[in-house]
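Reader: Hello! Could you walk me through this structure, with the cut-offs behind each term?

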Amino acid sequence: MATDTPIINEEIVNKTKEKMIDDTEVYQISDFFKIFGDSTRLKILWALDDNPLCVGDLCNIVDITKSAASHQLNILKANKLVKYKKEGKNVIYSLDDEHVAFIIETARKHLSEVK
């Protein structure tokens, strides 16, 4: 046992331990939320909530360089938060699915309620 703290309600402790997610999944979820922990990436995701955008437009909206945008977009793509398609010379980015916007909206709602 990792703790020397006595168990007060063994039934609840055992029931809760049975439904705990495994460490691998905990680490995956933790890493997932770390992606949202960067303000630039969060701004990019927010900008893409309403409209697909090319890198140049994202740079102007978020006020970052093309190099910075490309770096952040690569991280977002690798984590399946954004997707892209080529349109001529332009690469157009959009949110990978509706869950991404839902996560941001849920966080905003929670924060507005704790004020």
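Reader: How many salt bridges does a search of the whole structure find?

Author: Happy to start there. This is a predicted model, in which local features need pLDDT of at least 70 and side-chain atom pairs count only at pLDDT 80 or more, while totals for chains, interfaces and linings use all residues. Residues are numbered from 1 along each chain as its sequence is written, and side-chain values use heavy atoms, leaving out hydrogens and water. With a salt bridge defined as a side-chain nitrogen of Lys or Arg within 4 Å of a carboxyl oxygen of Asp or Glu, the search of the whole structure finds three.

Reader: Which residue forms a salt bridge with Asp 31?

Author: Asp 31 is partly exposed at 43% relative accessibility; buried means under 20% relative accessible area, exposed over 50%, and partly exposed in between, with a 1.4 Å probe and protein chains only. The closest N and O atoms are 3.6 Å apart, and the partner is Lys 34.

Reader: How far apart are the closest N and O atoms of Arg 108 and Glu 105?

Author: An α-helix has 3.6 residues a turn, so residues three or four places apart point the same way. Arg 108 and Glu 105 are three residues apart in helix H6, which means about one helical turn between them. Arg 108 is partly exposed at 47% relative accessibility, and Glu 105 is partly exposed at 35%. The closest N and O atoms of their salt bridge are separated by 3.9 Å.

Reader: What is the distance between the closest N and O atoms of Lys 85 and Glu 87?

Author: Lys 85 is partly exposed, with a relative accessible area of 49%. Glu 87 is also partly exposed, at 43% relative accessibility. In their salt bridge, the closest N and O atoms have a separation of 3.4 Å.

Reader: Which residues of H6 are buried?

Author: Helix H6 (residues 98–113) has 16 residues and reaches 23 Å from its first C-alpha to its last, close to the 22 Å expected at 1.5 Å a residue; the expected span is 1.5 Å times one less than the number of residues. The buried ones are Val 100, Ala 101 and Ile 104.

Reader: Which residue caps the N-terminal end of H6?

Author: The cap reaches the backbone nitrogen of His 99, which lies 2.9 Å from a side-chain oxygen of the capping residue. That residue is Asp 97.

Reader: Is Ser 94 buried or exposed?

Author: Ser 94 sits in strand E3 (residues 90–95). Leaving aside neighbours within four places in sequence, Ser 94 is in contact (heavy atoms within 4.5 Å) with Leu 48, Pro 52, Leu 81, Val 82 and Lys 83. At 17% relative accessibility, Ser 94 counts as buried.

Reader: What is the phi of Asp 63?

Author: Most residues other than glycine have a negative phi. Asp 63 is in the loop between helix H4 (55–62) and helix H5 (66–78), and is exposed with a relative accessible area of 68%. Although Asp 63 is not a glycine, its phi is positive, at about 65°.

Note on methods. Helix = DSSP H or I, 4+ residues; strand = E, 2+ residues; numbered from the N terminus. Polar contact = N/O pair within 3.5 Å; in protein donor to acceptor, adjacent residues only side chain to side chain.
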